[in-house]
Amino acid sequence: MTLLTAIYPNISQTMTTTTSRLATLLKGLKFVSSSAPDAPLLRWRRKGSAGGLEAVRRSRAIRTDDLLCIDRQKTALLANTEQFLRGYPANNALLWGARGTGKSSLIKAVFGEFQARGLQLVEVARDHLTDLTDICEALDRRPGKFIIFCDDLSFDADDPSYKTLKALLDGSVSDIPDHILIYATSNRRHLIPEFSAENQAARHIDGELHHGEAVEEKLSLSERFGIWLSFHPFNQEQYLQIVFHWLAQTGITVDHPDQVQAAALQWALEKGARSGRSAAQFARDWAGKALLAEQR
């Protein structure tokens, strides 16, 4: 080192600079969890500017039999996923509609139905959708079938995530690999808020309605999902059916169903929604109080 220093007096500074640049380069590389390939449930995580797949070790199992009053949606999504697993043509799916009606739960339940056959689920947060191309490239090198799960989508008009998802679904030169589907949920069918001023640009041509360019742009993303499944608020009868189903799952005996019904309706009124989520929450609350009362 003394001889090198004599010949190259700036070698120490050069090596320090090179080491620093190498460290910066390594930080920029994508990380991939070593446990990810063997895990059926994965999550895309970001660490600074880098991202990678990591295994999800804990997840609440949901059965399709526990999702009531959405039989049409269950049948459609199960059939599409069966086609996908068999290597037949299948579509990306958008599940949209009222909150708490089972959109996210249905995707998780469908994954649970097919997990034993090798289906894997990759959860991607809305804020990380700009990484979709990188995610597909990472999954392209892995065997098996993958559902990319994007929950609760909604975008601003200038959101870069919107452009990335739109291009990847249909329009980009890089296509989604055949062993990957995208299942997404949203409270909005068109994913981006619409304003009355935008509809003023609509025109009638020979009796046909032609939307303005702003509206057409907002419709274009949701139309790139091959399957649309709509979820609507439950009526009172459906809501109570779900309540008593979840109460039965807790194993408690309901001696006075009229009291339960009245309490469940009051619960929904305070929540502002007769949804499957509020029904399950009520059932847990009622069962917990009933079991506590038995111990006194």
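**Ground rules.** I number residues from 1 along each chain as its sequence is written, and side-chain values use heavy atoms, with hydrogens and water left out. Because the model is predicted, local features need pLDDT of at least 70 and side-chain atom pairs count only at pLDDT 80 or more, while totals for chains, interfaces and linings use all residues.

**The sheet.** I started with the strand order and found an open sheet of seven strands, β2-β1-β4-β5-β6-β3-β9, with mixed pairing. Strands here are DSSP runs of E, at least two residues, and helices are runs of H or I, at least four residues, numbered from the N terminus; two strands pair if DSSP finds at least two bridges between them. At the edges I see β2 (50–55) and β9, each pairing on one side only. From one strand to the next the twist averages 20°.

**Two pairings.** I checked β4 (residues 119–123) against β5 (residues 145–150): they run parallel and are joined by five bridges. Leu 121 has Ile 147 in β5 as its bridge partner. Strand β3 (residues 93–97) also pairs with β9 in the parallel sense, over five bridges, and there Leu 95 stands opposite Leu 229.

Helix α4 lies across β1 (41–47), β3, β4, β5, β6 and β9, at about 150° to β6.

**Helix against helix.** Helices α3 (residues 71–85) and α4 (residues 103–114) pack at about 45°, their axes 10 Å apart. Axes are lines fitted to C-alpha atoms, for helices over the stretch in contact, and angles run from 0 to 180 degrees between N-to-C directions. I therefore noted the pair as oblique; under 35 degrees is roughly parallel, over 145 roughly antiparallel, 65 to 115 roughly perpendicular and the rest oblique. Among the α3 residues that meet α4 are Leu 77, Leu 78 and Leu 85, and the α4 side includes Ile 107 and Phe 114.

**Ala 184.** Last, I picked Ala 184 in β6 (residues 180–186). Ala 184 is buried, with a relative accessible area of 0%. Its contacts, not counting residues up to four places away in sequence, include Leu 95, Ile 107, Cys 150 and Phe 225. Trp 228 is 44 residues from Ala 184 in sequence and 9.9 Å away in space, C-alpha to C-alpha.

Conventions:
Contact = heavy atoms within 4.5 Å. Buried < 20%, exposed > 50% of the residue type's maximum accessible area, 1.4 Å probe, protein only.
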